[in-house]
Amino acid sequence: MTYSQLWRRLLPLYDEREAKAVVRTLLEERFNLTLTDLYTDGLDRLTDEEKVRMETLIERLEAGEPVQYVVGKARFCGRDYMVAPGVLIPRPETEMLCKEVISAYNRPYCTLQPPAPLRVLDIGTGSGCIAVTLALDLWNCTVTAWDISGDALMIARENAHRLQAHVNLELQDALNPDETALNASPFDIIVSNPPYICIRESKDMAKHILAHEPHTALFVPDDDPLLFYRSIAHYGLSHLKPSGMLAFEINPIYAEETCKMLEHMGYEQIERKEDQYGKERIVIARIT
């Protein structure tokens, strides 16, 4: 079996560039084979047991399972996170969300940074990639992270433990916070990458995403695309400190509606930020 034969097996699912990258990721992460190895005799040096295991993993890729689930990890903000089908795979757009929050506060003599630790809340934490990144990279902060899924919280806990980040994980429903959440002390920052894809948009999505990533973390009803944003922003009205920051990753289709909703609710200094593709992907707002 050659590298060329392996990536060509994925062509029904990916274009040539993507197929090569996926197979290369698998072989590097699970078999420690470099690109040079792949073009020489690296595959021939695998043991029979390793070849059987490789075939099993390739078959999972052929079935459309994302390579991040197959290798069990994904890269985010320079760190590796454990991922499994119960959580979304971290994406570059979400890295932007973290960077916007960090850059707002990690500035010398920043007047937004109080002497007491910043209180940060990540709503819908999934793998914990946002919460862990902020806990490790944001100056002087304490981080709480919510998710409605117990399985997701187990993965987030593993990531926080492995990366030595202090994150307080709570089982909470963003649409129905319980008494503990309602009685929580105010936060300096509330950040969220909630479900924001309308069900009607699923027809344009890659089949391997639809088949394997959790729908509860992806989709909202077609008739209420701002469902989670409205609920989280409402919580922020009573649980953000004065000048506190609300930071969202959004669906670019609803950027205007999201900003108008926040303005109507009384938020100020509302900003939109574009992603690497020129789409409005981040919204930042503050409460007075």
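Is the crossing of α2 and α4 left-handed or right-handed? The close-ups below come from a predicted model, and the second view settles that question.

**View 1. The chain comes in two domains.** Let's start with the overall layout before zooming in. Domain 1 covers 3-71, while domain 2 takes in 84-287. Between the centres of domain 1 and domain 2, taken over C-alpha atoms, there are 34 Å.

**View 2. Helices α2 and α4 cross each other.** Here you're looking at helix α2 (residues 16-31) and helix α4 (residues 48-62). Their axes come within 11 Å and cross at roughly 140°. Angles over 145 degrees would count as roughly antiparallel, so at roughly 140° α2 is oblique to α4. And here's the handedness: the crossing of α2 and α4 is right-handed. On the α2 side, V22, L26, L27, R30 and F31 make the contact. Facing them from α4 are E50, R53, M54, L57, I58 and L61. Sort the residues of this α2 and α4 contact by type and you get eight nonpolar, three charged and no polar.

**View 3. N32 has a positive phi.** Now hop to the loop between α2 and α3 (35-39), where you'll find N32. Most residues other than glycine have a negative phi. N32 isn't a glycine, yet its phi is positive, near 55°.

View 4. C77 sits in the loop between β1 (73-76) and β2 (79-82). Its phi is near 50°, again a positive value in a residue that isn't glycine. Being under 20% is what it takes to be called buried, so C77, at 18% relative accessibility, counts as buried.

**View 5. E95 meets C77 and its neighbours.** E95 has its place in helix α6. Which residues does E95 touch, not counting those up to four places away in sequence? They are R75, F76 and C77. E95 has a relative accessibility of 18%, so it counts as buried.

**View 6. Helices α6 and α7 pack together.** Stay with helix α6 (residues 92-105) and bring in helix α7 (residues 129-137). The two pack at an angle of about 30°, and their axes are 10 Å apart. Why is α6 called roughly parallel to α7? The cut-off is an angle under 35 degrees, so about 30° makes α6 roughly parallel to α7. The crossing of α6 and α7 is right-handed. From α6, the contact uses T94, L97, C98, V101 and I102, and α7 brings I130, T133, L134 and D137. Residues in the contact of α6 with α7 divide into six nonpolar, two polar and one charged.

View 7. At 2% relative accessibility, M245 counts as buried. Leave aside its neighbours within four places in sequence, and M245 is in contact with V101, A104, Y105, D188, I189, I190, L240, I284, A285 and R286. One of these, V101, also belongs to the α6 side of the contact with α7.

Key. Residues numbered from 1 in each chain as written. Predicted model: local features only at pLDDT ≥ 70, side-chain atom pairs only at ≥ 80, totals over all residues. Heavy atoms only, no water. Axes fitted to C-alpha atoms, helices over the stretch in contact; angles between N-to-C directions. Helix = DSSP H or I, 4+ residues; strand = E, 2+ residues; numbered from the N terminus. Parallel < 35°, antiparallel > 145°, perpendicular 65-115°, else oblique. Left-handed = near helix turned anticlockwise from the far one by under 90°. Contact = heavy atoms within 4.5 Å. Nonpolar A, V, L, I, M, F, W, Y, C, P; charged D, E, K, R; others polar. Buried < 20%, exposed > 50% of the residue type's maximum accessible area, 1.4 Å probe, protein only. Domains from an automatic or database assignment.
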